[in-house]
Amino acid sequence: MAVCKRRWCRNPQAVSLLFCILLHTMDVHARPANMSAAKDKAPANKDDNEILPPDHLNGLKMEMDGHLNKDFHQEVFLGKEMEEFDEDSEPRRNRKKLIEIFKKVDFNKDRSVSAKEMQRWIMEKTEEHFQEAMQENKNSFRAVDPDGDGHVTWDEYRVKFLASKGFNEKEIAEKIKNNEDLKLDDETQEVLESLKDRWFQADNPPGDQLLNEQEFLSFLHPEHSRGMLRYMVKEIVHDLDQNGDKKLTLSEFISLPVGTVENQQAQDIDDDWVRERKKEFEEVIDADRDGIVTMEELEEYMDPMNEHNALNEAKQMIAVADENQNHHLEVDEILKYSEYFTGSKLMDYARNVHEEF
């Protein structure tokens with residue numbers, strides 16, 4: 001396999017080890033027609049991922065590799081209750097649960113949800129994701145801090161990372177201690193270099209080359225740190241920027257990765273993907289509508305705790321289901337468009353909803 005020359009590689013014939021480890025599932029928004037090198041990889045298990053920065057961050061609009069987060073609406077509407085609305089769930093139970101959520105979002109109890117109420121709810125659900133990440137980080141930090149001194153060195157982390165990839169932990173630790181060559185393959189070495197760069201970015205001034213629990217949280221979850229969020233944006237722009245001006249044009253944002261379309265269905269997926277990215281670029285990310293997205297604009301777009309973004313998102317979410325065009329969301333509308341909000345289809349269960357409500 002060829003070696004990626006960028007930290008978050010877009011070339012499907014050179015998918016880095018890190019991307020393969022972090023990739024949980026393949027979906028149409030991840031461009032399946034162009035991911036032939038990754039589709040046969042075995043999914044990573046939880047133990048592999050617990051000390052690695054996740055590829056997917058709940059409540060963020062964009063993935064680490066620059067793809068749009070296809071589950072964003074569901075994540076900021078359902079929060080940690082997302083798992084309750086899986087495909088195998090009983091539709092009547094889902095309807096009841098969705099009505100219960102609607103009542104919670106309806107803060108003033110007038111049986112309709114305004115943009116302000118939806119904004120408030122989105123901020124609450126985003127905070128839920130933050131709290132969940134912080135709890136997971138406590139467990140992950142303990143896993144990489146074997147001596148329990150409250151700080152982790154890069155070498156300590158490197159040992160645990162390589163051990164999770166099948167290397168002998170004692171042998172690796174001894175070689176690192178003696179400054180010996182680890183004899184790593186190119187892919188693994190590249191992943192380590194990328195992680196090391198990110199590690200030192202998470203080390204708050206004055207840099208001591210040690211990460212405490214809060215800094216380790218920033219390492220795993222850049223959304224918890226403004227500086228790391230900026231670093232993540234820088235990396236995304238680096239991968240998509242073709243002329244090196246540190247800005248993104250529409251053509252750069254929708255540029256297709258290397259690959260071939262195998263059939264018409266795959267072509268349709270590609271076309272939908274381009275339309276979706278074009279709309280997001282023009283209507284949401286490019287705040288001043290000048291046809292150029294700066295790092296500052298992308299950073300504001302990516303900030304999960306930006307209240308202005310939450311309000312805009314609330315208005316967009318309401319608009320999707322607002323059939324009576326009153327700029328509010330009624331319970332029958334949210335049930336009819338349940339797939340958008342929860343991933344579950346409840347069309348047949350929207351009848352007589354007011355009797356239950």
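F216 is buried in this predicted model, because its relative accessibility is 0%; buried denotes under 20% relative accessible area, exposed over 50% and partly exposed in between (1.4 Å probe, protein chains only). Y157 likewise counts as buried, at 0% relative accessibility. The model is predicted, with local features requiring pLDDT of at least 70 and side-chain atom pairs pLDDT 80 or more, while totals for chains, interfaces and linings use all residues. Residues are numbered from 1 along each chain as its sequence is written, and side-chain values use heavy atoms, with hydrogens and water left out.

The structure contains 12 aromatic pairs. Rings of Phe, Tyr and Trp (its six-membered ring) pair if their centres lie within 6.5 Å, and planes under 30 degrees apart count as stacked, over 60 as edge-to-face and the rest as tilted. Y157 and F216 form an edge-to-face pair, since their ring centres are 6.2 Å apart and their planes stand at 65°. Y157 belongs to helix α6 (residues 154-164) and F216 to helix α9 (residues 213-220), so the pair ties together parts that are 59 residues apart in sequence; helices are DSSP runs (H or I, at least four residues), numbered from the N terminus. For Y340 and F341, the centres are 5.0 Å apart and the planes at 90°, so this pair is edge-to-face. Y340 is partly exposed at 22% relative accessibility, whereas F341 is buried at 0%.

Ring pairs link Y157 and F216 into a cluster with F141, W154, W199 and F219. The charged end of R198 sits over the ring of F219, 6.0 Å from its centre; this term requires NZ of Lys or CZ of Arg within 6 Å of the ring centre and within 35 degrees of the ring normal. The charged end of R277 sits over the ring of F253, 3.9 Å from its centre.

Definitions and conventions: Helices (H or I, at least four residues) and strands (E, at least two) are DSSP runs, numbered from the N terminus.
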